[in-house]
Amino acid sequence: MTIRDIVVAFGVEVDQNSERRAEGSIRGIKNLASKLLGAIGIGFSIAGIAGLAEAAADVEALKSQFTQVFGELESDAQKKLDAIADETGVNANRMKASFTQIASFAKVSGVEQVQALELSDRAMKAVADSSAFYDRSIEEVTESLQSFLKGNFENDAALGLSCTETTRNAAANALYSKSFQDLSEAEKQFTLLQMVEDANKASGALGQAARESDTWTNQLGNLKQGLQDLKAAAGQGFLQPAVKVLKMLVSLTQWATKAIEKATGENGRLTRSFDRFHALVKNCSRRLTE
């Protein structure tokens with residue numbers, strides 16, 4: 001049914017020019033809507049591939065961080081991480097982000113690269129044991145440890161120890177024969193880490209990750225990581241094409257936004273179409289009441 005059919009049904013005469021303008025405007029709006037819906041359809045059809053590509057992108061980003069943080073020691077760092085995985089039964093990739101974060105923070109604090117790797121190696125073992133012992137995620141324990149190493153001593157309870165000025169000075173004297181406040185930044189971090197390791201030994205948390213390696217929780221975590229790694233491997237081939245598709249969709253949405261803004265502006269096609277249709281309806285209403 002056309003615009004003419006609608007208004008004629010009300011007994012109103014419509015000139016052909018008005019009819020063409022109104023129908024032309026509405027036809028343009030329908031075409032724009034079809035293009036937008038088509039773009040949405042494309043988006044949904046690539047959702048599965050996008051998920052694979054996103055997993056691959058996450059892995060690539062982590063690999064890049066690992067390389068940037070450890071530099072020439074990247075191979076040594078990977079060997080140490082793999083050794084921790086063998087010792088604890090925790091998938092290496094589950095710990096990789098935490099391992100990298102700890103070393104990165106140490107380097108930012110002024111710790112030399114070799115020392116940063118040593119700190120990260122020891123800290124990761126402590127994190128794995130604390131995670132298993134206190135039934136917390138590796139990410140949560142890593143966050144608590146990093147906060148503690150930064151000097152947030154009120155976070156000591158989350159790591160199972162009591163850190164007071166007295167205990168800090170005792171630990172510093174045992175390691176460096178100096179009070180804690182006289183230590184370098186690197187020495188402070190190694191002192192605090194030693195306190196965490198000592199607390200794990202005293203509480204029975206030391207070696208807990210290895211003891212729980214065959215538990216449901218750990219193996220489920222390893223399985224989830226394995227599936228994520230599988231998605232990433234499968235997504236490698238789709239990553240670059242997916243990036244190109246995303247760029248295309250970004251351009252399309254920008255074009256659509258500008259088109260809609262133009263159509264709904266003061267003199268836009270959609271605005272004029274509604275104005276014409278409103279005029280026709282008013283005309284119909286007036287004829288009906290005569």
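Colleague: How much of the protein chain is buried?
Modeller: Buried residues make up 34% of the 290 residues in the protein chain.

Colleague: And what about the surface?
Modeller: The accessible surface is about 16,700 Å². Carbon and sulfur atoms account for 55% of that.

Colleague: How many helices and strands are there?
Modeller: Twelve helices and zero strands. Along the sequence, the pattern reads α-α-α-α-α-α-α-α-α-α-α-α.

Colleague: Let's pick a helix. What can you tell me about α9?
Modeller: Helix α9 covers residues 185-203, 19 residues in total. From first C-alpha to last, α9 reaches 27 Å, close to the expected 27 Å.

Colleague: Which residues in α9 are buried?
Modeller: Among them are Phe 190, Leu 192, Leu 193, Met 195 and Val 196. The buried set also includes Glu 187, Gln 189 and Asn 200.

Colleague: What covers them?
Modeller: The cover includes α5 (92-108), α6 (113-133), α7 (138-149) and α8 (165-176).

Colleague: What comes just after α9?
Modeller: Gly 204, with a positive phi of about 95°.

Colleague: New topic. What is the pLDDT like?
Modeller: This is a predicted model. The protein chain averages a pLDDT of 80, and 70% of the residues score at least 70.

Colleague: Where does pLDDT stay under 50?
Modeller: Over residues 6-14, for one. The model has 15 contacts there beyond four places in sequence. Residues 39-45 are also below 50, with three contacts beyond near neighbours in sequence.

Note on methods
Residues numbered from 1 in each chain as written. Predicted model: local features only at pLDDT ≥ 70, side-chain atom pairs only at ≥ 80, totals over all residues. Heavy atoms only, no water. pLDDT = per-residue confidence, 0-100. Contact = heavy atoms within 4.5 Å. Helix = DSSP H or I, 4+ residues; strand = E, 2+ residues; numbered from the N terminus. Buried < 20%, exposed > 50% of the residue type's maximum accessible area, 1.4 Å probe, protein only. Areas by Shrake-Rupley, 256 points an atom, 1.4 Å probe, with all protein chains shown as cover. Expected span 1.5 Å × (residues − 1).
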